[in-house]
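Thanks, everyone. I have a few minutes on one structure, so let's bring it up.

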Amino acid sequence: MSVDKAWLRPGMNVAVVSCPALGDTTLFLRLAWRLHAAGAQVTLVSAPLYPAREYLPDLEVVGDAQPDIVQLAEQHDLVICYIDWLILASRAGVDLLPLSNVAYLAGKKLPRQFQLEQRSVTVDGQVLAHAHNVICRDPKAGKTMVQWIDLYAQEVLGLDPAVPVPGLKALPPVAADAERRLAIFPTTPHASKNYSSRGFRRLARELVARGWQVEFVGTPAEQASLQRQYPDFTVNAFSDLKGLIDFLRNCSVVVSNDSGGGHLGSLMGLRTFTITRRRPDFTWRPGFNPLNSVIHPRFTFKWMGETVWRPFIPLSRIWRTLHKVNP
């Protein structure tokens, strides 16, 4: 698909407005990096990333928890904004739809009530076709969300996917024992996605027996509860994303449910294992590097309206893979 890149002149001011969820945040960061690599001056609006802004010197990072989209549209040639900010503004009685230089991105579905497909996004009088869009256009296509955001950058914005993105910079040195440290993220905001604590304890003990240093990671609110579930292990919790990045800098592997921890680990170049009941090529698996594996059940069955899957997760795939690459 050929796209005219004439709209993107060197030094053009573009704002990328992310959302609070960590997994989505990594995708909007990827898009901001692609725009920067193409020559734009990029402002990334992200409250979670603001504490880690020293690791993002190529971007101007703004930490507004409630971004002012109207002001951003006045100050920038183009704004690419997470759809939820449009929804929240509408509920508050603020009409953002007349802002013609604001493009809205959703994960998988655009709200019908806004009729965004019928609205144009223009930059200096040039129309950006399909700028209002979803990141994942076909959840059964087997692509990761990273591949989908790159396709949006290529097909809608005309950016060259072969140009490397900057990545995190000025990170602290890697610890000497990082190669044998593994982080487990045992929870998500959705209990139905979570693997069992019993299963994670079994995995952790098996890995320790094989020479790995295993630590768990949760939110500050759940740290005490997780420590009771995993009394033989260190449970970490960080007040901001910088603390989490600094910790993962000293790890080589992340094991998680379908959660932001896996996406951040993948973004940082770590090997990841994602435990899920879904198919192995599900869209929201980590995809920032080739060292990402999905651990899914050998089979499932329905019982009283619920899917039974946790007893059938082949944990041995994790320690066997690690033994092959890091004996």
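I start at a histidine. The side chain of His132 comes within reach of the backbone nitrogen of Tyr104, at 3.1 Å. Keep in mind that this is a predicted model.

Where does His132 sit? It is in the loop between strand E7, residues 126-127, and strand E8, residues 133-134. Is His132 buried or exposed? Its relative accessibility is 10%, and the cut-off for buried is under 20%, so His132 counts as buried. Leaving out residues up to four places away in sequence, His132 touches Val102, Ala103, Tyr104, Leu110, Leu116, Arg119, Ser120 and Val121.

Next, an asparagine. Asn101 is in the loop between helix H3, residues 83-91, and strand E5, residues 102-106. Asn101 is buried too, at 12% relative accessible area. Its side chain reaches the backbone oxygen of Ala73 at 3.0 Å. The backbone oxygen of His76 is also 3.0 Å from a polar atom of the Asn101 side chain. With residues up to four places away in sequence left out, the contacts of Asn101 are Ala73, His76, Asp77, Leu78, Val79, Val121 and Thr122.

Now the helices. Helix H1 covers residues 22-37, and helix H8 covers residues 260-267. They pack at about 30°, with axes 7 Å apart. Angles under 35 degrees count as roughly parallel, so that is what H1 and H8 are. On the H1 side, the contact uses Leu22, Gly23, Thr26, Leu29 and Trp33. On the H8 side, Gly260, Gly261, His263, Leu264 and Leu267 take part. By class, that contact has five nonpolar residues, five polar and no charged ones.

Take H1 by itself. It has 16 residues, which should span 22 Å at 1.5 Å a residue; the end C-alpha atoms are 22 Å apart, so the two agree. Of those 16 residues, 13 are buried, so H1 is largely enclosed by the rest of the structure. After H1 comes Gly39, with a positive phi near 110°.

Then H8. How many of its eight residues are buried? Eight of the eight, so H8 is largely enclosed by the rest of the structure. What covers them? The cover includes H1, helix H7 at 241-248, and strands E9 at 181-185, E12 at 253-256, E13 at 271-275 and E14 at 292-295. Just after H8, Gly269 takes a positive phi of about 90°.

That's my tour. Over to you.

Terms used. Residues numbered from 1 in each chain as written. Predicted model: local features only at pLDDT ≥ 70, side-chain atom pairs only at ≥ 80, totals over all residues. Heavy atoms only, no water. Axes fitted to C-alpha atoms, helices over the stretch in contact; angles between N-to-C directions. Helix = DSSP H or I, 4+ residues; strand = E, 2+ residues; numbered from the N terminus. Parallel < 35°, antiparallel > 145°, perpendicular 65-115°, else oblique. Contact = heavy atoms within 4.5 Å. Nonpolar A, V, L, I, M, F, W, Y, C, P; charged D, E, K, R; others polar. Buried < 20%, exposed > 50% of the residue type's maximum accessible area, 1.4 Å probe, protein only. Polar contact = N/O pair within 3.5 Å; in protein donor to acceptor, adjacent residues only side chain to side chain. Expected span 1.5 Å × (residues − 1).
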